[in-house]
Amino acid sequence: MPVQILMPALSPTMTEGKLARWLKDEGAAVKSGDIIAEIETDKATMEFEAVDEGVMGKILVPAGTEGVAVNAPIAVLLVDGEDASAITAAAPVPVAVIAAPAPVTVAAQPIAASIPDAPTDVGPTKRQTVREALRDAMAEEMRRDPTVFLLGEEVAQYQGAYKVSQGLLDEFGSKRVIDTPITEMGFAGLAAGAGFAGLRPIVEFMTMNFSMQAIDHVINSASKTLYMSGGQQSCPIVFRGPNGPASRVGAQHSQCYASWYAHCPGLKVVSPWSGEDAKGLMKAAIRDPNPVVILENELLYGQTFDVPESTDFVIPIGKAKIERAGSGVTIVAFSRMVQVALDAAKELSAQGVEAEVINLRSIRPLDVETIVRSVQKTNRIVSIEEGWPFAGIGAEIAAQIMENAFDWLDAPVVRVCGADVPMPYAANLEKLALPQVDDVVQAALRVSYKK
Amino acid sequence: MVAARRKARPGNEPSRDDLIGYYRDMLLIRRFEEKAGQLYGMGLINGFCHLYIGQEAVVVGMMAAAGPADSVITSYRDHGHMIACGLDPKGVMAELTGRSGGLSKGKGGSMHMFSNANRFYGGHGIVAAQVPLGTGLGFAHKYKEDGGVCHCYLGDGAVNQGQVYESFNMAALWSLPVVYVIENNKYAMGTAVERAAAGPDLYHRGAAYGIKGEMVDGMDILAVRDAALRSLDYARSGKGPYILEVQTYRYRGHSMSDPAKYRTKEEVSKMREQHDPIDTFRARLEKDGILDEAKLKDIDREVKAVVVEAAEFAQACPEPDPSELWTDVLISV
């Protein structure tokens with residue numbers, strides 16, 4: 001049966017065009033791939049190639065015709081030796097109609113209620129620094145699973161730029177503890193590729209500041225591929241390193257990436273404060289089949305905590321921890337700011353306000369349920385972060401509270417954030433740029449109408 | 001009919017069936033891409049769609065030498081690689097039309113299809129991102145000691161990206177089994193290679209890292225196969241990465257909306273008429289008495305049937321269920 005040639009769409013937005021010129025006349029032989037016509041769109045003149053082989057039977061739309069709709073028949077091709085008498089018999093080619101997509105109601109992600117609680121009884125503990133807790137967590141998981149390996153700058157022979165990987169090379173050898181060149185984009189991409197192939201890489205960024213060199217692989221390669229593959233291609237990988245301001249290192253080395261990474265679906269983001277957090281979240285991240293970013297903190301590495309000894313101690317990602325119970329005001333913090341919140345709570349207590357301090361532990365997924373429950377009790381909330389205010393974690397918490405606990409609020413949400421400037425070097429200015437205990441106390445008093 | 005990995009080793013002459021298989025695979029890719037172009041014209045495929053027409057001998061030649069554990073990764077001009085790796089043409093076409101039967105359930109599109117079973121790792125839309133990823137696949141081959149080599153494809157545009165050299169450095173430093181296949185089709189979108197790439201031939205680009213490279217005629221399937229056998233054997237034996245610069249040509253625009261005004265019609269028609277990888281190979285097989293007219297017709301019919309079936313499937317399949325919007329973001333634990 002003759003084949004109808006239809007007006008082609010030659011760009012994603014084309015709806016009609018001009019049939020500028022025919023290059024095959026009626027009666028001409030046509031091979032697949034031959035250019036049969038020139039078509040003008042609003043952007044360019046494009047060549048139109050034949051798909052099928054045959055003889056040009058009849059031209060239905062003469063050259064020079066403007067406004068020819070996409071998918072309108074423009075010619076009839078005779079195939080398999082047909083003659084022109086077959087043309088009248090040519091039935092219109094059925095054109096598949098794609099149903100309009102169903103409207104999508106975009107709602108905020110449901111509050112994750114299915115995540116199990118963290119164990120309340122953590123078993124025996126020992127006094128350890130955060131640095132040692134992170135190292136032990138990696139070592140335990142490397143003993144447990146031979147596909148886990150660590151790579152990054154100075155992680156092996158130098159024993160870690162901040163000594164987090166101390167001793168790992170001795171135990172696991174250079175096959176599994178790998179010094180890389182200073183080439184973040186390259187080694188983050190290499191690790192993501194190894195993740196595709198079923199290994200479980202831990203990528204150490206000397207600091208998260210340098211992960212900006214590699215962010216395309218963190219987001220586009222590691223985090224989106226599961227979705228883009230319809231669930232076939234996973235990437236179990238950990239990207240970790242110290243995040244946020246350290247001390248007197250200036251603007252390019254003092255930035256919080258919580259908001260950057262937490263923005264992206266397909267990625268989990270955790271940020272430990274204590275040694276317990278460090279060990280339990282690191283182990284959870286390594287065992288997780290998804291890409292996980294761990295935002296550590298250089299100033300916490302040397303701090304000592306009681307750390308669970310059990311090799312099975314794992315903190316579920318997506319669950320916050322109430323570090324101090326109280327009914328006067330909710331203070332939400334993560335990483336080093338948890339200590340600032342606890343210090344502020346002490347001062348507030350002296351002034352008659354009992355604060356409830358929530359250690360988020362996990363930024364994405366965010367434990368909205370725990371925050372909302374707390375606000376239902378305290379009716380007021382302050383968020384703290386070292387990062388910038390605009391589109392920060394505090395902004396997200398404010399929106400979540402608006403959506404989930406608006407009627408419970410007795411005061412507007414207040415955010416205590418890093419100053420909205422690149423980090424200054426001078427000691428006095430740096431201090432001014434970061435949330436201090438007194439800033440949190442003042443914010444808590446403000447939402448309590450005590451000031 | 002699905003293309004298959006062949007068990008060729010250096011020195012092995014291709015059998016008569018191998019040769020016919022190469023011809024059939026190249027023809028299948030060409031007819032598939034022509035059909036994809038047609039469906040795009042009908043509005044059934046949208047967005048970006050980069051056709052492989054003209055470059056078929058590259059991937060078919062490489063796969064003619066592939067080992068059973070080898071992995072393959074490429075950029076966004078990827079339909080040919082998928083078919084050559086044995087992915088189901090129906091699933092590829094249905095992904096192009098964004099339907100539930102697509103290899104990525106309609107959620108990936110032209111540039112994003114994967115198959116762990118066939119060790120095809122995409123399909124990547126960011127120019128050169130597949131190069132560190134492919135280097136990581138090579139890292140995994142070495143770590144797992146599975147005897148595989150990664151075939152990591154990149155274009156003449158990607159070779160100017162910094163991450164390519166970060167990858168070359170690590171691959172050479174750690175002797176990773178990777179063959180970098182630079183498909184030099186002369187134009188990075190609309191920019192001719194000599195207007196974008198300084199220095200002489202692209203296969204020299206690994207010289208600073210001690211990576212061997214060579215130029216290959218990408219319009220000659222058997223030349224590609226020879227180079228593939230040599231380079232894959234080199235990488236597989238633990239000597240580290242290798243670079244092939246494969247001279248090829250794409251007949252169509254960079255993507256569907258590219259009128260290709262940066263080159264002359266004469267240049268395109270000269271390539272098509274004098275160097276077409278399928279026409280020249282067919283003539284050679286006819287001359288050698290391996291294919292006759294009847295057999296050619298059989299292959300034509302067979303290929304056409306596969307492509308028609310794929311196109312019909314891709315149109316008959318429903319769109320993904322709206323619930324699919326929310327699935328596959330994370331693996332639940």
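These legends describe close-up views of a predicted model.

**View 1. Strand β15 of chain A and its two faces.** β15(A) spans residues 292-296 and is mostly covered, with five of its five residues buried. In a regular strand the side chains alternate between the two faces of the sheet. On one side of β15(A) lie V292(A), I294(A) and E296(A), and on the other V293(A) and L295(A); all are buried.

**View 2. The strands that pair with β15(A).** Strand β13 of chain A, residues 238-242, runs parallel to β15(A), and five bridges link the two. In this pairing F239(A) has V293(A) as its bridge partner. Strand β14 of chain A, residues 268-270, is also parallel to β15(A) and is joined to it by three bridges. Here V292(A) of β15(A) stands opposite K268(A).

**View 3. The β-α-β unit that includes β15(A).** Helix α7 of chain A, residues 275-287, forms a right-handed β-α-β unit together with β14(A) and β15(A).

**View 4. The contact of chain B and chain A.** Chain A gives 70 residues to the contact and chain B gives 61. About 5400 Å² is buried between the two chains, 62% of it on carbon and sulfur atoms. F114(B), Y143(B) and I331(B) are the residues of chain B that lose the most area to chain A, together 13% of what that side buries.

**View 5. Polar links across the interface.** Four salt bridges are found between chain B and chain A. One salt bridge joins the side chains of K265(B) and E38(A), at 2.9 Å from N to O. The interface also has 22 residue pairs in polar contact. On the side of chain B that touches chain A, the elements that give two or more residues include α1(B), α9(B) and α11(B).

Definitions and conventions:
Residues numbered from 1 in each chain as written. Chains lettered and ligands numbered in written order. Predicted model: local features only at pLDDT ≥ 70, side-chain atom pairs only at ≥ 80, totals over all residues. Heavy atoms only, no water. Buried < 20%, exposed > 50% of the residue type's maximum accessible area, 1.4 Å probe, protein only. Helix = DSSP H or I, 4+ residues; strand = E, 2+ residues; numbered from the N terminus. Pairing = 2+ DSSP bridges. Right-handed = clockwise from strand over helix to strand, strands pointing away. Contact = heavy atoms within 4.5 Å. Buried area = accessible area lost by both parts, 1.4 Å probe. Polar contact = N/O pair within 3.5 Å; in protein donor to acceptor, adjacent residues only side chain to side chain.
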